[in-house]
Amino acid sequence: MYYKFSGFAQRLVGATAAAAYAPQGLKSLVPTESPGPHPIFGTSKPAPGLSATDTFLGTNKVPDLQKVFQRSDGLPVHLKRGYPDRMLYRTTMALTIGGTFYCLVALYIASQPKTK
């Protein structure tokens, strides 16, 4: 008798020889369907439904961001973009310090002997 894992409960169940030697995650080498049209990714050609004048890729922001992050102004990289970065940094620091304080207090309370 042949066995395989069931797809739902992940338990061993009885199976045919073909099903036991072809688990769910493996595919056969012979394609079962004919290849159809596939979407085009990563090209600069517009999609078939769009006109040539429609912009769908947007502008390239990488050179502008490189100028911002490579500027020599003495700030660390995680604070280069101004106020939102400072607020995120300060919130993270406050949560970290608050969590550390909370853990220390909880450990102190837990280490106290219990009195009846």
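## Salt-bridge network

Arg-71 has a relative accessibility of 42% and therefore counts as partly exposed (buried is under 20% relative accessible area, exposed over 50%, partly exposed in between; 1.4 Å probe, protein chains only). The model is predicted: local features need pLDDT of at least 70 and side-chain atom pairs pLDDT 80 or more, while totals for chains, interfaces and linings use all residues. Residues are numbered from 1 along each chain as its sequence is written, and side-chain values use heavy atoms, without hydrogens or water.

Two salt bridges are present in the structure (a side-chain nitrogen of Lys or Arg within 4 Å of a carboxyl oxygen of Asp or Glu). Arg-71 pairs with Asp-73, with 3.5 Å between the closest N and O atoms. Asp-73 is also bridged to Lys-80, at 2.9 Å from N to O. Through shared partners, Arg-71, Asp-73 and Lys-80 form one network. Asp-73, at 37% relative accessibility, is partly exposed, whereas Lys-80 is buried, because its relative accessible area is 9%.

## Asp-85

Asp-85 belongs to helix α3, which covers residues 83-111 (helices are DSSP runs of H or I with at least four residues, strands runs of E with at least two, numbered from the N terminus). Asp-85 is buried but makes no salt bridge. The nearest side chain of opposite charge is that of Arg-81, 5.2 Å away (Lys and Arg count as positive, Asp and Glu as negative; His and the chain ends are not counted).

The Asp-85 side chain does reach the backbone nitrogen of Arg-81, at 3.1 Å. Apart from neighbours within four places in sequence, Asp-85 is in contact with His-78, Leu-79 and Lys-80 (heavy atoms within 4.5 Å).

## Nonpolar patch

Met-1, Tyr-3, Phe-5 and Leu-12 make up a nonpolar surface patch of about 530 Å² (patch residues have over 30% relative accessible area and no salt bridge; like charges are joined within 9 Å, nonpolar side chains within 5 Å). Met-1 sits in the segment before β1, the strand at residues 2-5. With 77% relative accessibility, Met-1 counts as exposed.

## Whole chain

The protein chain has three helices and two strands, in the order β-β-α-α-α along the sequence. Of its 116 residues, 5% are buried. Among contacts with a separation of 6 or more, 0% join residues 24 or more positions apart. The accessible surface is about 11,100 Å², and 65% of that area belongs to carbon and sulfur atoms (Shrake-Rupley method, 1.4 Å probe; for residues, only the protein chains shown count as cover).

Key: Polar contact = N/O pair within 3.5 Å; in protein donor to acceptor, adjacent residues only side chain to side chain.
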